[in-house]
Amino acid sequence: MKLDVSGLTKVFDGKKVLSDISLHLDDIRSLVIIGPSGGGKSTLLRIIAGLLVPEEGTIVVNGQAIPSEERALREYRKTIGMVFQSYNLFPHLTAAENIMLPLTRVHGYGIDEARMHAMGLLKRFQLSAHAEKKPALLSGGQKQRVAIARAVAVSPSFLLFDEPTSALDPEFTSEVLDVIEELREEGKDLILVTHEMGFAKIVSDYALFLDEGVVAGAGTPHDIFENPKEDRLVQFLDKVLKY
Amino acid sequence: MRESDREAPSPCPSTLLNAFLVALFILLIFIFSFSRLEYDFHWAGVWAYRAKFIRGLGMTLVLSFFSLIVSFLLGSLFALGQKSRFLPFYFFSRFYVEIIRGTPLLVQILVFFYVIADAFRVQNRYVTGVVILSLFAGAYISEIIRAGIDSIGETQLETARSLGLTLFQQYRFIIFPQVFKRILPPLAGQLVSLIKDSSLLSIISVSEFTLNAQEVNAYTYSTLESYLPLAVGYLLITYPISNLSKRLERTFSYET
């Protein structure tokens, strides 16, 4: 995908969460965003997802500017798959229904068609046995895989992951990361915010270090993880990789 | 945890024993108090009016039933009002809820019946009674529903938006199905209050349960014999409902 960000600024309660961010990336397959909490990672991801509108600046994805008007934004959101930190499955719907809801209500699938599609995805992610369970009966890893299936189901033009493993028990982390890795190998474009540095290194072909609302480091995984030059990045990596 | 795992545990012997002891204790207090009372019970005089009690109870049930339906509609409307970005609707809803919840039902009944209903030439006191009760309970139900809507996490709504659902679809498919289950228990509790609050309609001569008991008292001069059946009658209706409310609470608690 192509990503052009220019002069992006987002303010919450008088505080600049992102200040004047600019980026020009041609033909990236997987972009990883790292950085300390409160550095602006999730905010940037939400703006790219069309969930937040910036105060200033523009983002152009694959040649198309992200709109700022709600109706156009909704159309834009339909073309994206987003996976959140806390799974965010709807608790009153079964795993299958969670996947089917956007298909039938937003993307015009018939019920049978949506069910077949959902079942196919659940099977692919080894979740067939859990199709009729409500989220409360699933493990964290299973919930997150259902959430990924829901995001993938609508054939999005790219996928966004907001710290998809942060809320998981460590034992479930790898099953979720495996799925993301699999999707990347399949050729899905993705942008991933994560604290899993080892995974970030493997999966990314470009990495961004956001700190205090600015891009404090950017480059190939080699530049960022093996050969960090910026002081703040070195300090950050020292801290997260200490143990 | 499965729903079936949350079923009410069948009462074990020690629970039954404790319940029995508590009941016995309360009963002894009543027996003692009544024994100190120099009062001759004349049940026969009141018994003659048993049909009147039953008619009154029936009217209380009918009033409560219609009031519950209308107040649910009003409550839903004003709950949406409290969430509305259309400011006149928002402020009207807030104003309505605060005024109703902050003033005594007794005053509301008097003002509504003698001033507002009179000005609009509504003659039927039963219709007026249902309207007043509905306005009253509607404010509380509005708060129940609003709290229910607020209990749906912001993250769920963000997810719904990210999936491309419209605001209407978010309410229709995400918020309402969950809110409805969550508010059933407090709604049942509100129905209990509604049934008891309807007794105040006696002051505008709506011939419900309490007014009938008052009349029997006036005919027979047997105060306690008239009012004790009143308490038992209300309890007979409200106890099953509050019991139901507790059962609903257990059934739906798995959701969270």
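Trainee: Is Leu63(B) buried or exposed?

Mentor: Leu63(B) counts as buried, at 3% relative accessibility, where buried means under 20% relative accessible area, exposed over 50% and partly exposed in between (1.4 Å probe, protein chains only). Keep in mind that this is a predicted model, in which local features need pLDDT of at least 70 and side-chain atom pairs count only at pLDDT 80 or more, while totals for chains, interfaces and linings use all residues. Residues are numbered from 1 along each chain as its sequence is written, chains are lettered from A and ligands numbered from 1 in the order in which they are written, and side-chain values use heavy atoms, with hydrogens and water left out.

Trainee: Where does Leu63(B) sit, and which residues does Leu63(B) touch?

Mentor: Leu63(B) belongs to helix 3 of chain B, residues 50-83, with helices (H or I, at least four residues) and strands (E, at least two) taken as DSSP runs numbered from the N terminus. Leaving aside residues up to four places away in sequence, Leu63(B) touches Tyr126(B), Val130(B), Leu201(B), Val206(B) and Glu208(B), contact meaning heavy atoms within 4.5 Å. The C-alpha atom of Leu63(B) is also separated by 8.6 Å from that of Leu133(B), 70 residues apart along the chain.

Trainee: Switching to the interface, how many residues of chain A are in contact with chain B?

Mentor: On the chain A side 22 residues are in contact with 20 residues of chain B. The two chains bury about 2000 Å² between them, 60% of it on carbon and sulfur atoms, buried area being the accessible area (1.4 Å probe) that two parts lose on being put together, summed over both.

Trainee: Which residues supply the area on the chain A side?

Mentor: Phe90(A), His92(A) and Arg105(A) supply 27% of the area that chain A buries against chain B, which is more than any other three residues.

Trainee: What about salt bridges between chain A and chain B, how many are there?

Mentor: The count is one salt bridge, a side-chain nitrogen of Lys or Arg within 4 Å of a carboxyl oxygen of Asp or Glu, and the side chains that meet are those of Arg46(A) and Glu158(B), at 2.6 Å from N to O. The elements giving two or more residues to the side of chain A that touches chain B are helix 2 (70-77), strand 6 (80-83) and helix 3 (95-105) of chain A.

Trainee: Which residues does the network with Glu143(B) join?

Mentor: The side chains of Glu143(B) and Arg101(B) meet at 3.7 Å, N to O. Glu143(B) lies in helix 6 (residues 125-150) of chain B and Arg101(B) in helix 4 (residues 87-102) of chain B, so this pair ties together parts 42 residues apart in sequence. Salt bridges that share partners join Lys83(B), Arg101(B), Glu143(B), Arg146(B) and Asp150(B) into one network.
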